[in-house]
Structure formats: structure tokens, C-alpha cells
Amino acid sequence: MKKILITGADGFIGKALCEKFSEEGFYVIALVLNKNNVAHTGKMPGIKIIEADITKKGLVEKIAEDFDFCIHLAGISDVNIAEENPLLTRKVNVLGTKNILQACAKLKCKGIIFASTNKVYGKIKKTAHEKSMLNGKTIYAKTKIRAEKEVRDFCKKNGLSAIIARQTNIYGRADLNIKRLIPATILSAIRNEQPKITSSPLSEINLLYVDDILDFYSKSIKYMEKHSRIETLNVTSDNNYLVTGIIQLIMQMIGKCNAEKASMGKKIASISNKKAKKLLKWRPKTSLKKGLKKTIAWYKANYKDVCTKPINN
């Protein structure tokens, strides 16, 4: 039985990953900041919940058992929160990653998958590949660039495998950060409110459905079982869309009669995912419409229980 440490297991992707691995018969050590956020997760078979702050000492003692692989999701990922709290963001995203790496080495971990971001590239003029220059200027991007280096250097020195996953924007069921584009738009539509657009009308976005990122992590584990290497992979969908087009499409799908016809502005993604496709035999399988249909259905079904906070405050 494979033993997997998942940090940030109380987050959107972390909870979904725990559920997937539990169903597949893995033993999961779920590292969380607050046990109260994972009451349901803790009831799943093969899940051990450990409450810990990754920026503090004593992680090895708290985990207290060896594991095969680590998926390091924990971190501050909200760009606005990062800009408002630069010191805390550096502490969590960089020092926290160092502490996880130390725990991996001491607890006989074979390899780590580090959740980075495609925002490390900054403004993209041409198609970005894994060897493209990293020009991210935000605090969030800078801390991820630094953390990527820590992962590479540590794993090379200590003989660990690593996959650095430069993720795009993930959406899907059970995302409780209702200020993000997809949940905010869906909930606004359900409430008969006008969605709030904070970006330029011509802004583009790349979206990947949650099941596709889970599949990426699953295939990454299988790859590291066979290959002792350090790789960086872009994890994106194949297309970019206009933000306004996404909003219009959601309004249409929810049945708002005054919604304008969606002008999606679909184009080839500005960040290439060809390496991930080749190396892992992975590809995004969920179309935008199919993913949005599933996501809308989840928010409608769970609206009263979890989606009653103000959206645009």
C-alpha cells in the first residue's frame, strides 16, 4: 500500500485528492492547519489527519511515520492576500517548503510533487515552456520561484525525485473560496445578482477542471515510482478564454434570460502543456462546458449549506 503525505489537505484541491486516494486504497497522511475544516475527510478509510503548522519546528515528530511520496499543496495562493502580507507569504511558501523537504528526507520519502504556479512566468509574450524565463513580479510568484529552487536544490543534494507542477487556475465542485471567478459568478447568477468583473474585459484565463489536476497528481506518483528524476511541468488546459466570455457562458447555463450570448475568444493556451502530456501520458479530459455543468450542479445542490456568505465584499 502506497503511503502519501498531502500538505494543505484542508484546501480545495487537498480535500479532493484525499478523497480520490482514499477510494483508490492509498494510505494518506493529511497535514492540515485546522482539523475542524476536514471533519468529513477524517471519516474516509485510510486517512490519518495531522494538525500542524508547516512554518514551525517539530513536523517530523508530528508526522511520526515514514511515507513514500509527498504532495506539497500547502501555501498562501491568493495573490491579493500575498501582496498584503509579504512577510507571512515568504514564511509560509518558502520556509514552510524547506521544513516539508526536511521532513521528507528524514522520513524516507522517495519523491515530492510541489504545487507551484504558472504565474512564475509573469506577462507572457510568446508561448511559455518550462525553460522560459521566470518574470513573475508579484509576491506570490516570487515566493513560488524561490520555493521551486529550494525543491530542486534539496532533492538533487539528497537524492529525492521531484515534480514541480506549475499549475493553472483550478475550478470545480466544493471550492469554498467564493471570491474566485467561477464560484463567485455561479453564486451571483443563482442570487440574481450581476457578476462583478474586476479585470479588463479583454483579460484571458486558462481553466483546468479539478478532476484533471487530480489525474495529473495520480500519474505523477506513478511516474516517480519508475523514474528518479527532477522535472518541471506546466499543468494547464489547452485553451485560454476571455473572462467576460466565461461569465456570459455561466449566466446562460444557469438560465438567465438577460444573459448576452457568450463571446468566448477561445485561443490556444499561452503556456504549453506538451511536456506533461509526453512525460506522464496525461492530458486534460474535461471540456469547459462539461466542467462548468458539473460545477454549477454542485453549487446549486449545496448552496444553502456552504454558499451563504457575501460574494463581492
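This is a predicted model: local features need pLDDT of at least 70, side-chain atom pairs count only at pLDDT 80 or more; totals for chains, interfaces and linings use all residues.

At roughly what angle do the axes of helix 6 and helix 8 cross? Residues are numbered from 1 along each chain as its sequence is written, and side-chain values use heavy atoms, with hydrogens and water left out.

Entry 1, helix packing. I find that the axes of helix 6 (residues 181–190) and helix 8 (residues 243–254) come within 10 Å and cross at roughly 40 degrees. Helix 6 and helix 8 are therefore oblique to each other, where angles under 35 degrees count as roughly parallel, over 145 as roughly antiparallel, 65 to 115 as roughly perpendicular and the rest as oblique. Among the residues in contact (heavy atoms within 4.5 Å) I list Leu-181 and Ile-186 of helix 6 and Ile-247 and Met-251 of helix 8.

I looked up the pair of Phe-216 and Trp-282, which is edge-to-face, with 5.7 Å centre to centre and 85 degrees between the planes; rings pair if their centres lie within 6.5 Å, and planes under 30 degrees apart count as stacked, over 60 as edge-to-face and the rest as tilted. Phe-216 lies in helix 7 and Trp-282 in a loop, 66 residues apart. Phe-216 and Trp-282 are both buried (under 20% relative accessible area, with exposed over 50% and partly exposed in between, using a 1.4 Å probe and protein chains only).

Definitions and conventions. Axes are lines fitted to C-alpha atoms, for helices over the stretch in contact, and angles run from 0 to 180 degrees between N-to-C directions. Helices (H or I, at least four residues) and strands (E, at least two) are DSSP runs, numbered from the N terminus. Rings of Phe, Tyr and Trp (its six-membered ring) pair if their centres lie within 6.5 Å; planes under 30 degrees apart count as stacked, over 60 as edge-to-face and the rest as tilted.
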